[in-house]
Amino acid sequence: MKAYIGLGANLGDLAATLRAALQALDGLPQSRLLAVSSGWRSAPVDAGGPDFLNAVACLETALAPLELLDALQAIEQAHGRERPYRHAPRTLDLDLLLMEGQVWSDARLSLPHPRLHQRAFVLHPLLELAPGLSLPGIGPLAAQLPGVADQRLHPDGALWPAAGGGNTPP
């Protein structure tokens, strides 16, 4: 099934960290990186600190939701992710945004991600990869863009070597 993963970083070499995370995603068992959005610069939401570099990746995977979450958290840890407090600056943040056809809710994970439609830094790159995406209870995600228009965000170019939005891995 397809899984969409939000990537973000605001500490260190942001582009290099996101590229390394994309390589790690492509190397996950039973998984293959299908596409990567452009990079997007955004101001932190509900926090201070430097701007983030964000993107969304589309991954084909046979991993179950919690297995994928564990793998994402292991990649974060390998890149020095610390969680000293909520919304702290971070070397790498990987969010499982949604998995095709999956609705999930427990103490560790909610699918689709409960705030993905409220974040410009998620909506814009996600819609690059899946422009017609619609979620139960929310509807077409493109219709949510006016609600995030006040969030500072600007494109920052290709992160993956293949150039341009909707990149496919080499």
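# A conversation about the predicted model

Author: Strands β1 and β5 run antiparallel and are joined by six bridges; two strands count as paired if DSSP finds at least two bridges between them. Helices (H or I, at least four residues) and strands (E, at least two) are DSSP runs, numbered from the N terminus. This is a predicted model, in which local features need pLDDT of at least 70 and side-chain atom pairs count only at pLDDT 80 or more, while totals for chains, interfaces and linings use all residues. Residues are numbered from 1 along each chain as its sequence is written, and side-chain values use heavy atoms, with hydrogens and water left out.

Reader: Which residue stands opposite Met 99 in β5?

Author: Ala 3 stands opposite Met 99.

Reader: And is β5 mostly covered or mostly open?

Author: Strand β5 is mostly covered, with six of its seven residues buried. Buried means under 20% relative accessible area, exposed means over 50%, and partly exposed lies in between (1.4 Å probe, protein chains only).

Reader: How many residues does the largest nonpolar core have?

Author: The largest nonpolar core has 30 residues. Such a core is a set of buried Ala, Val, Leu, Ile, Met, Phe, Trp, Tyr and Cys residues joined through side-chain atoms within 4.5 Å. Those with the most contacts inside this core are Ile 5, Leu 7, Leu 22, Leu 25, Leu 68, Leu 94 and Leu 96. At least two core residues come from each of β1 (2-9), α1, β2 (31-36), β4 (52-61), α2 (65-78) and β5 (93-99). Apart from this core lies another, of 22 residues, including Ala 35, Leu 123, Leu 141 and Val 148.

Reader: What does Leu 94 touch?

Author: Not counting residues up to four places away in sequence, Leu 94 touches Ile 5, Gly 6, Leu 7, Ala 21, Leu 72, Ile 75 and Glu 76. Contact here means heavy atoms within 4.5 Å.

Reader: Let us turn to α1. Which of its residues are buried?

Author: Leu 14, Thr 17, Leu 18, Ala 21, Leu 22 and Leu 25 are buried in α1. They cover an arc of only 140° around the axis, which puts them on the same side of α1; the arc is that of the directions from the helix axis to the C-beta atoms. An α-helix has 3.6 residues a turn, so residues three or four places apart point the same way.

Reader: What do the buried residues of α1 pack against?

Author: They pack against β1, β2, β3 (39-42), β4, α2 and β5.

Reader: What about Ala 20, is it buried or partly exposed?

Author: Ala 20, found in helix α1 (residues 14-26), is partly exposed, with a relative accessible area of 25%. Ala 20 and Phe 52 are 32 residues apart in sequence and 16 Å apart in space, C-alpha to C-alpha.

Reader: On another topic, how many salt bridges does the structure hold?

Author: The structure holds five salt bridges, each being a side-chain nitrogen of Lys or Arg within 4 Å of a carboxyl oxygen of Asp or Glu. One of them joins the side chains of Asp 156 and Arg 41 (3.3 Å, N to O). This pair links distant parts of the chain, with Asp 156 in strand β10 (residues 153-157) and Arg 41 in strand β3, 115 residues apart.

Reader: Which residue is the bridge partner of Arg 41 in β10?

Author: That partner is His 154. Strands β3 and β10 run antiparallel and are joined by four bridges. Strand β3 is also joined to β4 by three bridges, again antiparallel, and Ser 42 stands opposite Phe 52 in β4.

Reader: Back to salt bridges: what is the partner of Asp 51?

Author: Asp 51 forms a salt bridge with Arg 152, the closest N and O atoms being 2.8 Å apart. Asp 51 lies in the loop between β3 and β4 and Arg 152 in the loop between β9 (139-140) and β10, 101 residues apart.

Reader: And are Arg 90 and Asp 93 buried or exposed?

Author: Arg 90 is buried, with a relative accessible area of 11%, and Asp 93 counts as buried at 13%. Arg 90 and Asp 93 form a salt bridge, with the closest N and O atoms 3.2 Å apart.

Reader: Finally, where is the cis peptide bond?

Author: A cis peptide bond joins Leu 111 and Pro 112, with omega about -10°. Pro 112 is found in the loop between β7 (110-111) and α3 (120-129).
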